[in-house]
Amino acid sequence: MKLDTRAIRYLTAEDWRVLTAVEMGSKNHEVVPTPLISQISGLRGASGVNRSISNLAKVGLIAKVKNAKYDGYRLTYGGLDYLALNTFIKRKSVYSIGNQVGVGKESDIYVVADESGKQRILKIHRLGRISFRTVKANRDYLRNRNAASWMYMSRLAAMKEFAFMKVLKDNGFPVPTPIDQARHCVLMELIDSYPLRQVTEIADPPKLYDDLMGLIVRFASQGLIHGDFNEFNILVNEETQEPVVIDFPQMVSIDHPNAEEYFDRDVQCIKTFFERKFGFESEEKGPSLKDVKRRGKLDVEVEASGFSKKQAKELDKYLQQIAKLDEREGDEASGAVSTDEDDEDQEEQGSGIENDDDDGPDSNLSEDSHEMKNEADTGAPRSGLLSV
Ligand SMILES: Nc1ncnc2c1ncn2[C@@H]1O[C@H](COP(=O)(O)OP(=O)(O)OP(=O)(O)O)[C@@H](O)[C@H]1O
């Protein structure tokens, strides 16, 4: 699923209203009937609405779906991307979009810039993508987890990432500065470093090893365990050799029933990597959660910061289900990348089931958590920025 922003500046104010109407209608309808789109958009005259619907469908922001009872439309990931980008553009968080710099398992990463040319990272969460084939094969699961609910889960993942990043940054942890969040997207500081896995020169492996173990302990002393602390999620600056931690989908409280297991796994990941890559084996056993003294409550603080316990539970439940399905499919599925863009352009046969899953999108999700400013100068410019 590529981010194609070419059409963004050609959309009229009416097109945006209709796109927003489809998004809002999707909260209660898997397939949003055309009269409802018209009603929500508040636009007078069917011809204008129809024109916008056809414009939006042509560029793949909504997709026509036929179901047993009626025809209608659903929002595509492309449409959701545009809505999020438009929010960022209106808030002046983003002015131009550059190259894709990463494809995570469940996200796409782009370099973007604001009006002054300051570069940032746009992370677009795309949950469910890895498991698409698996999910397709699983009827019951598909019935309850349609595209709209993946989008909702991606939005929860973005909210979680933003909330954790903010709390961690505010408390002096080496994480990117969070800048903005809208729908399923997070905007953050661009770190001019590469993942530890890719860094060829580590001047002093024992020092970096100690720094990383120190970080695991510091997280825990503030009530948190990263849960996925590995060579992919630690960026290391080649000059300063300073680590920056990214990606916190599995972050849990030290009060979690499996806290010790997660803590030990983080420690073990680093140990194994340093042994394999640098032939470095510490004489010490490595930290243990039992020895960590709690000094702070960031695990509690994060709940108060816009990502509720209920939302955390919903997301965890979903991630666990996905993990189970992936396990069942085995290694073959873990290599399967999305095929859902193939579906995005086509007319679809809907299941006819209305999305009454109360896990569904919550209309009260705020898009206004826009307070932080990126002060960091991110160094070397990256080319290919296009204004949107
Ligand atoms: N703030 C940032 N600055 C610079 N590069 C970044 C930043 N955030 C992410 N990246 C790059 O994008 C890649 C993927 O990011 P991230 O780990 O957040 O995505 P993900 O989908 O969670 O990945 P995965 O689940 O596969 O680990 C990183 O390995 C890194 O190269």
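**Close-up views of a predicted model**

**Figure 1. Lining of the second largest cavity.** The residues Y209, K271, E275, F280, E281 and S282 line the second largest cavity. The structure shown here and in the following figures is a predicted model. The volume of this second largest cavity is about 30 Å³. By class, its lining comprises 2 nonpolar, 1 polar and 3 charged residues. The count of cavities of 30 Å³ or more comes to 2.

**Figure 2. Packing of helix α8 against helix α9.** Helix α8, residues 205–221, packs with helix α9, residues 259–278, at an angle of about 170°. The axes of α8 and α9 are 11 Å apart. Because angles over 145 degrees count as roughly antiparallel, α8 is roughly antiparallel to α9. On the α8 side, the contact involves P205, L208, Y209, L212, M213, I216 and A220. These residues meet F263, D266, V267, I270, K271, F274 and F278 in α9. The contact of α8 with α9 contains 12 nonpolar and 2 charged residues, with no polar residues. Y209 and K271 belong to this contact and also line the second largest cavity.

**Figure 3. Crossing of helix α1 and helix α3.** Helix α1 (residues 13–25) and helix α3 (residues 46–58) cross at roughly 80°, and their axes come within 9 Å. The two helices, α1 and α3, are therefore roughly perpendicular to each other. From α1, the residues E14, D15, V18 and L19 take part in the contact. Their partners in α3 are G48, V49, R51, S52, I53, N55 and L56. Divided by class, the contact of α1 with α3 has 5 nonpolar, 3 polar and 3 charged residues.

**Figure 4. Domain assignment of the protein chain.** The assignment gives domain 1 as residues 1–84 and domain 2 as residues 193–330. A distance of 40 Å separates the C-alpha centres of domain 1 and domain 2.

Definitions and conventions. Residues numbered from 1 in each chain as written. Predicted model: local features only at pLDDT ≥ 70, side-chain atom pairs only at ≥ 80, totals over all residues. Heavy atoms only, no water. 1 Å grid on protein atoms, 1.4 Å probe; cavity = no way out; pocket = protein on both sides within 12 Å on 5 of 7 lines; lining within 4 Å. Points joined across faces, edges and corners; volume = space filled by probe spheres on them. Nonpolar A, V, L, I, M, F, W, Y, C, P; charged D, E, K, R; others polar. Axes fitted to C-alpha atoms, helices over the stretch in contact; angles between N-to-C directions. Helix = DSSP H or I, 4+ residues; strand = E, 2+ residues; numbered from the N terminus. Parallel < 35°, antiparallel > 145°, perpendicular 65-115°, else oblique. Contact = heavy atoms within 4.5 Å. Domains from an automatic or database assignment.
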